[in-house]
Amino acid sequence: MRPTSFFHLFLVLVCYCTADIYGQTTDSAQSPNTNTKNTLSQSAGWGIAASIIGDASQYQNSLSLSTFYAIRPIRELELSATLSFSQFSLVGGQRFYNLNISSTIPTITEYSSLTSTLVGDISCTVAPFTESGWQNLRFQGGVSIRRAGRISSYSGISLDTTRLFSREVYTKQLAFGGNAAIEYLVPIGSILDMAVRIQGHIYAAPFWVEGENVLLEYVTVPDKNFRYGLFPFGGAISVGAVLRFNF
Amino acid sequence: MQRIIVLLFIISIGFSFAPVVAQTSSIFSALTENVDSVKKHRIGWGISVSEGMVTYSNDEGEVLFSMLYAQRISPTTEIELALHYTSIQKRSPDLSSTVSGMSLAWHFDVTFMFQPFSQFFQPLRLGVGPSLLLWDTMGIFPARYTPRTITSPIPTLPNGSGGINIAAFAMNTKAEWLAVQQPTFDIGIRAQVHLFANPFDGASLIPLVGGLGSGGVFLYLRF
């Protein structure tokens, strides 16, 4: 049995639980979902997001999982705490010609890296619209803290051995930042809904570093050893979905 | 596209399976009238200190984060879906001569939890079930140049890293003492062990049997 098979089994269980909850709440869900939300004060759940761009994933796609808890004093306002986990690995090699040195003697490189991030968000979400169709559109903003770690290794050698280089990097860093998101709630039942969202994080310079103080966005892939510079010190933009229990 | 179709198919099985089981469970519920249907669901989070193969067994009490959802199936039993994450990163004192490393591990659980006792031991819950371990680890060390030889005419400078990525089935056992039990939330002290054997995917360089033990505090919301 492959790992994907287990994931599929896990997915079936999750879907079963979701459908079971939906089945239980169908009767009570006869009332409009918006009315129900006025009486609910807590939410919790999990999310999955794909990073479109981000320094930790070196501007390549990566997945993150999250969990959150939120309280809602009034329908239009929600305060939430979220914890997100992600990891990204990069392994490869390349043969290329550094034209500044030689157009006939290639350089062989190998690279690998492993990155992990743990992001904590404290956010405030507002639902400013009351019109039907727009009432589930919400805007979120807040503060974040990120613990990021990476180890990487990059080496290269030209076939005539005139050029040898290697570099190993170890860094672990903590940085404050901010987050913003736009999301749309899709009601599933009276206690369950799903939010589809696009979210952005931006971070300040790390306030604590172990190892080298390097920017995570530096790409060590040959021919791409430059920085994109979209975020001064780091950040990410992701799209994802969140499954929410309301109670 | 094929993967998407397979995924949708599996999701549809999950959703279509539920009504059938729901009818069965309604019969079951009729037989167990004491089930508190109002508080059937439980969401929880936990933070634990852990020790085991994925933490390099370095006796430093690495942090394990847990998140879970559980659904009650009888007054004393639950099915729990849980996800645990641990990440450690160790820096050697001298990066130029020794290895630094990182280890990231996910444990997926499906656990049958039961609370079989009464009176003094009523807060004690026990659980057992299957797990899946996904483990990525990588170490870095100075790259070492291998010069040209007669038998190896191409000189090399291998990348100074080595890693293991494995997937393995595991078993989990859990024991928990619900120190605080309220109508809407619980706080539990939990110990759990994950044991895995024979990774079915990834490198074969690791021992055939390994595990992770952890103990910590869990907060549950019931609704």
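Residues 25-37 of chain A keep a pLDDT under 50 (pLDDT is the predictor's confidence in each residue, from 0 to 100). The model has 14 contacts for this stretch beyond four places in sequence; two residues are in contact if their C-beta atoms, placed from the backbone, lie within 7 Å. Chain A as a whole averages a pLDDT of 81, and 78% of its residues score at least 70.

This is a predicted model: local features need pLDDT of at least 70, side-chain atom pairs count only at pLDDT 80 or more, and totals for chains, interfaces and linings use all residues. Residues are numbered from 1 along each chain as its sequence is written, while chains are lettered from A and ligands numbered from 1 in the order in which they are written.

**Chain B overall**

- Chain B has 1 helix and 9 strands. Helices (H or I, at least four residues) and strands (E, at least two) are DSSP runs, numbered from the N terminus.
- The order along chain B is α-β-β-β-β-β-β-β-β-β.
- Of the 223 residues in chain B, 34% are buried. A residue is buried if 20 or more other C-beta atoms lie within 10 Å of its own, exposed if 12 or fewer, and partly exposed in between; C-beta atoms are placed from the backbone.
- Take the contacts in chain B between residues at least 6 apart in sequence: 62% of them join residues at least 24 apart.

**Nonpolar cores**

- The largest nonpolar core holds 19 residues. Such a core is a set of buried Ala, Val, Leu, Ile, Met, Phe, Trp, Tyr and Cys residues joined through C-beta atoms within 7 Å.
- Ile151(A), Leu133(B) and Trp135(B) have the most contacts inside this largest core.
- In chain B, β4 (100-114), β5 (124-140) and β6 (161-181) each supply at least two residues of this core. β5(B) gives the most, with 6 residues.
- Beyond four places in sequence, Trp135(B) touches Val54(B), Ala105(B) and Ile166(B).
- A second, separate core has 15 residues, including Phe68(A), Leu192(A), Tyr69(B) and Met113(B).

- β1 (residues 42-54) and β2 of chain A run antiparallel, joined by 10 bridges. Two strands pair if DSSP finds at least two bridges between them.
- Ala49(A) has Ser64(A) in β2(A) as its bridge partner.
- β2(A) also pairs with β3 (residues 77-96) of chain A, antiparallel, over 9 bridges. These two strands form a hairpin with 2 residues between them.
- Ile71(A) faces Leu79(A) in β3(A).
- Arg72(A) sits in β2 (residues 62-74) of chain A. Arg72(A) is partly exposed because 19 other C-beta atoms lie within 10 Å.
- The C-alpha atoms of Arg72(A) and Ser123(A) are 12 Å apart, with the two residues 51 apart along the chain.

- β4 (residues 107-126) and β5 (residues 137-158) of chain A pair antiparallel over 20 bridges. Val119(A) is opposite Arg146(A) in β5(A).
- β5(A) is joined to β6 (residues 164-187) of chain A by 21 bridges, again antiparallel. Ile157(A) has Leu164(A) in β6(A) as its bridge partner.
- β5(A) and β6(A) form a hairpin with 5 residues between them; Thr161(A) in the turn has a positive phi of about 60 degrees.
- Leu114(A) lies in β4 of chain A. Leu114(A) counts as buried because it has 27 C-beta neighbours inside 10 Å.
- Beyond four places in sequence, the contacts of Leu114(A) include Arg150(A), Ile151(A), Met102(B) and Met138(B).
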